[in-house]
Amino acid sequence: MHKYSLLLLLLVSAAGARGDDGDREARAWLERMSQAISTRNYDGRFFHLRGSSSETMRIIHRVDRGRVTERLVSLDGSGREVIRTQNEVICYLPDRRTVLVDRRKETGTLISTVPRYSEDLEVHYKIERGPSTKMLGRRTQIISVQPRDQFRYGYRLWLDHETAMPLKSQLCDSHGNVIEQILFAEVNFKERIPAAALESAVSGEGYTWIRQDVQSPRLSRSVEWSVMRLPAGFRLTAWRLQIVAGSNTPVQHLVYSDGLATVSVFIEPRNPDTEAMNGLSKVGAAFAFSRRLDGHQVTAVGEVPPATVEAIAAGVTKDGATAVHSPDVAPVP
């Protein structure tokens with residue numbers, strides 16, 4: 001075949017892989033949704049459902065002269081609050097009398113189970129438009145975001161026709177089973193939200209304040225550990241050294257993401273007086289995979305399929321380190 005004919009064939013095939021008009025419309029819906037949740041002022045209540053557990057939340061999202069502030073409040077039991085500013089994420093935990101402060105690096109919203117659109121998304125996910133239906137008395141458009149491999153979960157979204165806000169969002173496994181979802185009970189769009197509405201109801205007086213500084217991946221030359229043979233699309237997006245309760249030894253925390261799914265890797269010196277964790281476990285809606293490596297405990301955890309945390313944990317390496325696998329753990333090919 002002539003080289004120019006081959007080039008033309010490849011270009012046509014690539015264009016076909018990008019999808020038909022319906023796919024383009026689905027992409028446009030996700031772009032509208034990302035714009036709506038990041039640029040509008042709104043105040044809403046929603047249910048956060050994980051298995052048999054349910055939590056009622058309030059979210060207040062304020063945009064003032066391009067600066068975004070967000071407040072998430074648990075209306076059940078603990079009174080947990082999370083406040084996101086331009087530079088920080090502050091988590092108030094009244095039941096533990098603790099405040100956690102992180103430097104903010106990621107974009108997006110505090111609403112979990114809502115994918116954020118980017119041009120790279122379709123490399124690993126297929127975006128399709130479903131039927132129209134109704135929620136909260138409003139017309140909505142269903143959009144599905146399906147993974148192209150076994151290393152990530154999919155999403156189903158119910159987007160308001162008028163505003164493109166996600167009135168309902170589901171995180172689903174490969175069989176379509178719902179792992180986690182949010183369901184809005186009400187949402188109000190406002191011209192202006194006063195700054196006072198974004199202030200925490202928890203004073204934090206007498207609390208333990210813990211500040212964790214997230215480092216840029218550009219500084220990863222300081223990271224002693226890394227992950228080889230990552231699942232396609234995952235890359236290092238942040239890392240930190242942090243102190244956990246009951247220990248004076250820093251734990252290294254690496255964050256890997258494909259832009260949608262996220263996996264945290266924790267590496268800490270193993271205490272010889274405690275039994276080492278090995279293999280797969282479930283933590284709420286997340287999976288965790290642990291192994292021993294060169295006198296350290298390595299754990300990968302995230303709201304992803306088991307194969308993903310296993311592959312990432314198995315790929316953790318350090319120069320000169322020797323891994324100790326449990327008998328039923330196969331190395332990643």
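Of the 333 residues of the protein, 44% count as buried. Buried means under 20% relative accessible area, exposed means over 50%, and partly exposed lies in between (1.4 Å probe, protein chains only). This is a predicted model, in which local features need pLDDT of at least 70, side-chain atom pairs count only at pLDDT 80 or more, and totals for chains, interfaces and linings use all residues. Residues are numbered from 1 along each chain as its sequence is written, and side-chain values use heavy atoms, with hydrogens and water left out.

Now the overall build. The protein has four helices and 21 strands. Both are DSSP runs, numbered from the N terminus: helices are H or I with at least four residues, strands are E with at least two. Contacts come next; a contact means heavy atoms within 4.5 Å. Take the contacts with a separation of 6 or more: residues 24 or more positions apart account for 50% of them.

Turn to the sheet. Strands of a sheet pair through backbone hydrogen bonds, either parallel or antiparallel. Here, two strands pair if DSSP finds at least two bridges between them. Twelve strands make an open sheet with mixed pairing, in the order 7-8-9-10-11-1-2-3-4-5-6-12. Strand 7 and strand 12 stand at the edges, each with a single partner strand, so one side of each has no neighbour in the sheet. On average, neighbouring strands of this sheet are turned by 15° against each other, direction ignored. The axes behind such angles are lines fitted to C-alpha atoms (for helices, over the stretch in contact), and angles run from 0 to 180 degrees between N-to-C directions.

Strand 7 (residues 125-135) runs antiparallel to strand 8 (residues 138-147), and nine bridges join them. M135 has R138 in strand 8 as its bridge partner. The two strands form a hairpin with two residues between them. L136 lies in that loop. Its phi is near 55°, a positive value in a residue other than glycine. Most residues other than glycine have a negative phi. L136 is partly exposed, with a relative accessible area of 42%.

A164 makes a contrast. It sits in the loop between strand 9 (154-160) and strand 10 (166-172). Yet A164 is buried, at 0% relative accessibility.

Strand 4 (residues 81-84) pairs with strand 5 in the antiparallel sense over four bridges. A hairpin of three residues joins them. E81 has Y92 in strand 5 as its bridge partner. Strand 5 also pairs with strand 6, antiparallel again, over six bridges. C91 stands opposite L100 in strand 6. Four residues lie between these two strands in their hairpin, and R97 in the turn has a positive phi of about 50°. Five of the six residues of strand 5 are buried, so strand 5 is largely enclosed by the rest of the structure. Strand 6 (residues 98-103) pairs with strand 12 in the parallel sense, over five bridges. There V101 stands opposite R211 in strand 12.

A nonpolar core is a set of buried Ala, Val, Leu, Ile, Met, Phe, Trp, Tyr and Cys residues joined through side-chain atoms within 4.5 Å. The largest one has 59 residues, and L30, I143, L254, V265 and V316 have the most contacts inside it. Helix 2 (residues 21-39) gives the most to this core, with six residues. A second, separate core has seven residues, including I83, Y92, V99 and V101.

How many aromatic pairs does a search of the whole structure find? It finds three. Rings of Phe, Tyr and Trp (its six-membered ring) pair if their centres lie within 6.5 Å; planes under 30 degrees apart count as stacked, over 60 as edge-to-face and the rest as tilted. F46 and F184 form a tilted pair, 5.2 Å centre to centre with 50° between the planes. F46 is in strand 1 (residues 42-50) and F184 in strand 11 (residues 178-189), 138 residues apart. Both F46 and F184 are buried. Y92 and W209 form an edge-to-face pair, 6.1 Å centre to centre with 85° between the planes. Y92 lies in strand 5 (residues 88-93) and W209 in strand 12 (residues 208-212), so the pair ties together parts that are 117 residues apart in sequence. Y92 is buried, at 10% relative accessible area, while W209 is partly exposed, at 46%.
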